Amino acid sequence: MALQDDVQAILDGGAARGDVAGAVAEIVSPGEVLCSAAAGVRAVDDETAAPMRTDTVCWIASMTKAVTGAAAMQLVESGRLHLDTPAAEVLEHLGTVGVLEGFDGEGNPQLRPARSPVTLRQLLTHTAGFAYEIWSEDLLRYHEVTGTPTIRTCRRAALDAPALHDPGERWLYGTSIDHVGLMVEAASGMRLGEYLQRHLLGPLGMESTAFLISDDMRARLATVHSRGGDGALAAMRFEIDQEPEVQLGGAGLYSTVEDYSRFLQMILGRGSREGVQVLRPETVDQMLVNNMGSLRVVPLPAVLPGVAGDVEFYPGIEKSWGLTFQINEEPLPTGRPAGGIMWAGLANSYYWIDMRNGLAGTYISQQFPFGDPRTFGLFDSVERACYAALG
């Protein structure tokens, strides 16, 4: 009960201070929910002030990436996808998108062919060269000059934007997993949402996770907020396109903390949860170790600060990347040991997985900008409370 009380107090305090409109958190072991807490409201301007609950539906943004990565690894297991062959064999446009070298004197983008073919492993580790314009001035300029839609539009043309470096050259966070989603579709013959439902979400009991918001999910949907210059939170109109041309494998899912905890329990269970196996143990083991060699994660500089700030989790700690998770190569001050994995979602949702201790945690709030220290601080406090409870 001490952990439950501590986590509840952390979220209650955050909501009372205005760190968040509302937040939810769960910590799990492979077979048990160790604590489950919610605080605050789904929308600050809602006259009914519907409370946040653990079944509240939220946009989980880039927490989608791990789910899409798991789907891709299922197809690797069956031989329909391959980690180290040219991805253009499955998704032809990956052989032609090119690399942006800069702009000429008239402001026109200068592209050249990539020096080597991109692979699925590089896409899953964010070493393929694809970026997000929210952290790249060059890519933002490219979109503005060419009129190419950004990935936020869910349009297929967004994935024709060029890479910013050659495959395997360095780590750069971006749209790689959206390309992976299209590879899953090409290899399976299904729309991504249908594949996930049949092979991951359904088997794991994740009934409130989908790209398309059902009526039942909408009745429990939280509003996304933005923090103003005065520090106050205001509700904003934001929703992922519900008739998308592309279902974004990198950022499109809506889910609940309860559902995502089931996914994390599957990872803790090395591919199985409550007797249902969706990945082989050796596949999960492969996903959780460094797959980028000597390359390392680097800071992301803010370009659109209203959307996302400068981002680097745990500065000074060496970090690599698995399939598709960040790995801390050194112990963290929270108590997470070396080899722990984590990632996050743009509206300030976060998770971590600790295979050594058999623990995982999820924290979800709904607000911009990403990396807001007030809401990230709550996630950090939840994780520290977990390890303090371990003694």
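Modeller: Before we start, a word on terms: contact here means heavy atoms within 4.5 Å. Also, this is a predicted model.

Biologist: Good to know. With that in mind, which residues does threonine 64 touch, not counting residues up to four places away in sequence?

Modeller: Threonine 64 touches Phe211, Leu248, Gly249, Gly250, Ala251, Gly252 and Leu253.

Biologist: And is threonine 64 buried or exposed?

Modeller: Threonine 64 has a relative accessible area of 0%. The cut-off for buried is under 20%, so threonine 64 counts as buried.

Biologist: Which helix is threonine 64 in?

Modeller: Threonine 64 lies in helix H2, which covers residues 64-77.

Biologist: What lies 2.6 Å from a polar atom of the threonine 64 side chain?

Modeller: That would be the backbone oxygen of alanine 61.

Biologist: Nice. Switching to the nonpolar core: which residues touch the most other members in the largest one?

Modeller: The largest nonpolar core has 126 residues, and Trp135, Leu196, Phe263, Phe313 and Leu346 touch the most other members.

Biologist: Let's pick phenylalanine 263. Leaving aside its neighbours within four places in sequence, what is it in contact with?

Modeller: Phenylalanine 263 is in contact with Ala66, Val67, Ala70, Leu204 and Met206. Another core lies apart from the largest one, with eight residues, among them Phe103, Tyr142, Ala161 and Leu164.

Biologist: Okay, sheets now. What is the strand order in the open sheet of three strands?

Modeller: The order is S7-S6-S16, and the pairing is mixed. Strand S7 (233-235) and strand S16 (367-368) are the edge strands, each pairing on one side only.

Biologist: In what sense do S6 and S16 pair?

Modeller: Strand S6, residues 225-227, pairs with S16 in the parallel sense, over two bridges. Histidine 225 stands opposite glutamine 367 in S16.

Biologist: Let's zoom out. How many helices and strands does the protein chain have?

Modeller: The protein chain has 10 helices and 16 strands. Its radius of gyration is 20 Å, close to the 21 Å that the globule rule gives for 391 residues, so the chain is as compact as a globular protein of that length.

Biologist: What share of the chain's residues is buried?

Modeller: Buried residues make up 60% of the 391.

Biologist: Last one: what share of the contacts with a separation of 6 or more comes from residues 24 or more positions apart?

Modeller: Those residues account for 69% of such contacts in the protein chain.

Technical notes:
Residues numbered from 1 in each chain as written. Predicted model: local features only at pLDDT ≥ 70, side-chain atom pairs only at ≥ 80, totals over all residues. Heavy atoms only, no water. Pairing = 2+ DSSP bridges. Helix = DSSP H or I, 4+ residues; strand = E, 2+ residues; numbered from the N terminus. Core = buried A, V, L, I, M, F, W, Y, C linked by side-chain atoms within 4.5 Å. Buried < 20%, exposed > 50% of the residue type's maximum accessible area, 1.4 Å probe, protein only. Polar contact = N/O pair within 3.5 Å; in protein donor to acceptor, adjacent residues only side chain to side chain. Rg over C-alpha atoms; globule rule 2.2 N^0.38 Å.
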